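Biologist: I am new to reading protein models. Could you walk me through one, step by step?

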Amino acid sequence: MGAENIIKPEIKENSSNNKIAVLWNGQTPQKGMGKQLYDASPIAQEIYNMTAATLGVQRESLHLNQENPDTQDVQYANAPYNIATWRHLQDLLPTGSIQTLGGHSFGEATACVASGAIEYGDFLSFLKTRTELMWHVNQLNPGALMALSVRRSKSAEEANEKEMAFKDL
C-alpha cells in the first residue's frame, strides 16, 4: 500500500443517524504507546514504519519503551499513534458516522491530517522542525513555553527575513 492510501480523509455517507465527533488531545505519552495496535494492524505497521523512516528514528522509539523518554521521542510518538488510531476508527465505525474532527494542541494537527487538510508526510516534516525548535528553546530557557504570533507577510522579502531570523533561534 502506498503512502497515498494510508490516510482516508473522506467522510462517507451514513446509513444510520449516528453522528460521531472525534477529538484528539495534546501530548499524553504513555510507555508502550501504540505497541498493541502496531502488532495487530498492518496499516498501523505501515504508518509507524513510514513515520520512523521520515523522522530518521528507530521505530521502537515511537512506542516510548524507555522509562524517561526525551522531548523528541514524546512528540514523535504522538503522530503515528494518533493517525493509526484514526485509521482503526474509520475501519470500525459505521460508514459516514464520523461527522466532526477536532483537536487540542497537538491534536489540532492530527485533525488536520485526518480531514485531509494536510498530508501526513508534510505534517511529519513540520513535526520534525517544530521538535527541533522546541529543543533549542528549552536549551535557552529550560521549562519555557513558547507562543508565536504569525501574520501574513506583505512581501516575499519580508517573509524571507522572518524565516532567517526564526532559524537563528
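**Reading the model**

Modeller: Buried means under 20% relative accessible area, exposed over 50% and partly exposed in between, using a 1.4 Å probe and protein chains only. This is a predicted model, where local features need pLDDT of at least 70, side-chain atom pairs count only at pLDDT 80 or more, and totals for chains, interfaces and linings use all residues. Residues are numbered from 1 along each chain as its sequence is written, and side-chain values use heavy atoms, with hydrogens and water left out.

Biologist: Which helix does Ile-43 lie in?

Modeller: Helices (H or I, at least four residues) and strands (E, at least two) are DSSP runs, numbered from the N terminus. Ile-43 belongs to helix H2, residues 42-55. Its C-alpha atom is separated by 7.8 Å from that of Arg-87, 44 residues apart along the chain.

Biologist: How many helices and strands does the protein have?

Modeller: There are six helices and two strands, in the order β-α-α-α-β-α-α-α from the N terminus on.

Biologist: Which residues of H5 are buried?

Modeller: Among them are Tyr-120, Phe-123, Leu-124 and Val-137. Across the protein, buried residues make up 34% of the 169 residues.
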